[in-house]
Amino acid sequence: MDHSSNSGLNLGLITIPQSLMTQTGTASILLLLLAQKASQSALEAMGQASEEIFRGDRLPILNFPNEDELSRS
């Protein structure tokens with residue numbers, strides 16, 4: 001029996017070699033890892049931006065009336 005005829009995925013009319021399947025799988029895993037890193041950094045940036053919204057130093061200073069001013073009016 002020929003060894004090259006068994007190496008790969010036989011779909012009837014066409015045969016996909018194992019090396020092509022390995023290359024495709026490796027490339028897809030690497031792309032998933034890159035996408036994970038990109039989404040992680042984007043989510044961290046969004047989290048930091050949302051924290052900046054709720055920081056107290058960015059809010060305006062409100063002038064509250066003193067109790068003396070309230071009792072006069």
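The following paragraphs go through the predicted model from its confidence and elements to its surface.

Residues are numbered from 1 along each chain as its sequence is written. In this predicted model, local features need pLDDT of at least 70, side-chain atom pairs count only at pLDDT 80 or more, totals for chains, interfaces and linings use all residues, and side-chain values use heavy atoms, without hydrogens and water.

The chain has three helices and two strands, taken as DSSP runs numbered from the N terminus (helices H or I, at least four residues; strands E, at least two). Their order along the sequence is α-β-β-α-α. Mean pLDDT, the predictor's per-residue confidence from 0 to 100, is 82 for the chain, and 81% of the residues score at least 70. Where pLDDT is low, predicted coordinates should not be read in detail.

Of the 73 residues, 0% are buried, meaning under 20% relative accessible area, with exposed over 50% and partly exposed in between (1.4 Å probe, protein chains only). The accessible surface of the chain is about 7,000 Å², 62% of it from carbon and sulfur atoms; areas come from the Shrake-Rupley method with a 1.4 Å probe.

I16, in strand β2, is partly exposed because its relative accessible area is 24%. Beyond neighbours within four places in sequence, I16 contacts G8, L9, L11 and M21 (heavy atoms within 4.5 Å). L11 lies in the loop between β1 (9-10) and β2 (15-16).
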